[in-house]
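Me: I would like the labels used for this model set against their cut-offs. Please take the helices one at a time.

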Amino acid sequence: MTLVLPTLTSAPPPREDAPAVLAHVLAVLKATVVGDDGGPLERALARLAVQATAWYCMELPWRTLLAGPTGSGKSLIARTIAASLGVPMVRFCVTDMAEATWSGPQLSDTLRGLCGGVSSHAAQTDGVTMTVRDVAPRGILVLDEICKLSLASYGDHRHERESASWRRGRQETLLPLLDPEGVVTAVAAKDAVPLRIETHKLAVLSTGAFAMLPTGHPITSRTLTEVGFLPELADRVGSVVSLPGVDARVRTHLVQVRQSAYDGLARALGVPDALVALSDAASSLDIESFAGPRSLAHAVEGIACDRIVRALLR
């Protein structure tokens, strides 16, 4: 589990001003991920910005599946949205689930990272009266690598915990959390006050590469069931946003952003001209060999660092 706190210095507009919030989220996404691309990636980001605004301003349920190959920017986009809204984000890899229920400390701690205590009161569960603590989710939960719970790739793993029954059990575990109108009760320890969470207030983004599908194959709830997801889970992961690959415009934007950041380092190290031809060097990168913005950005950063090192060693 990884808890990510907001790092942006500019606070989001008031919740009551939905148009301003939408413009803010989209501006931050474009500045961080794509720039003024005008292509499929920018359209995908605009759709996510609208969904995030509806959740943040109108308290509408938000369930989305971000689909794209490794390096396509799924986690970066989720972190950027959380930072733009000033809310924490918890990233949880579903294959690390050591428990099959929400009553254990691992999953309870995951949810606790997103919640603030509001009140304690008596409630009945299965006819037994107990004290529970109501909490108000105020963040985004990212269920990372949900594609690895698919039964389609069963047989490629040697460990019992990755068997078909293990995957099916973890899919069932996620169902209450993905229910946009449900309640999850989690207990961190035997004597701890349970956490009672109304799931419609919690934003849940699932991510996956879905390498078992042909490149470009549309992902729908029907597709998910065909590759071994429970129909209930396929129905609850929400709308699918597929992230396209990068093109020359995205590459140009990433070079500009990275050059601006590394120019400061070059000046501080006394080699201000080290990155003069960075754009020319980056233009030789084969776009087709990169899955998305993140992997391309890493390549550009590598070129920038190499040029600074060469300048220092002259």
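**Helices and their labels**

Reply: Helix H5 (residues 164-178) has 15 residues and reaches 21 Å from its first C-alpha to its last, close to the 21 Å expected at 1.5 Å a residue. The expected span is 1.5 Å times one less than the number of residues. Helices are DSSP runs (H or I, at least four residues), numbered from the N terminus. This is a predicted model, in which local features need pLDDT of at least 70 and side-chain atom pairs count only at pLDDT 80 or more, while totals for chains, interfaces and linings use all residues. Residues are numbered from 1 along each chain as its sequence is written, and side-chain values use heavy atoms, with hydrogens and water left out.

Me: Why is H5 called largely enclosed by the rest of the structure?

Reply: Buried means under 20% relative accessible area, exposed over 50%, and partly exposed in between (1.4 Å probe, protein chains only). In H5, 11 of the 15 residues are buried, so the helix is largely enclosed. Among them are Trp166, Arg167, Arg170 and Leu174.

Me: What makes Ala282 count as buried?

Reply: Ala282 has 1% relative accessibility and therefore counts as buried. This residue is in helix H9 (residues 278-282). Its C-alpha atom is separated by 6.3 Å from that of Val300, 18 residues apart along the chain.

Me: Why is H2 called oblique to H3?

Reply: Helix H2 (residues 40-58) and helix H3 (residues 74-85) pack at an angle of about 40 degrees, with their axes 11 Å apart. That makes H2 oblique to H3: angles under 35 degrees count as roughly parallel, over 145 as roughly antiparallel, 65 to 115 as roughly perpendicular, and the rest as oblique. The axes are lines fitted to C-alpha atoms, for helices over the stretch in contact, and angles run from 0 to 180 degrees between N-to-C directions.

Me: Which residues of H2 and H3 meet?

Reply: With contact meaning heavy atoms within 4.5 Å, Leu45, Leu48, Ala52, Trp55 and Tyr56 in H2 meet Ile77, Ile81 and Leu85 in H3. The residues of this contact divide into eight nonpolar, no polar and no charged. Ala, Val, Leu, Ile, Met, Phe, Trp, Tyr, Cys and Pro count as nonpolar, Asp, Glu, Lys and Arg as charged, and the others, Gly among them, as polar.

Technical notes. Helices (H or I, at least four residues) and strands (E, at least two) are DSSP runs, numbered from the N terminus.
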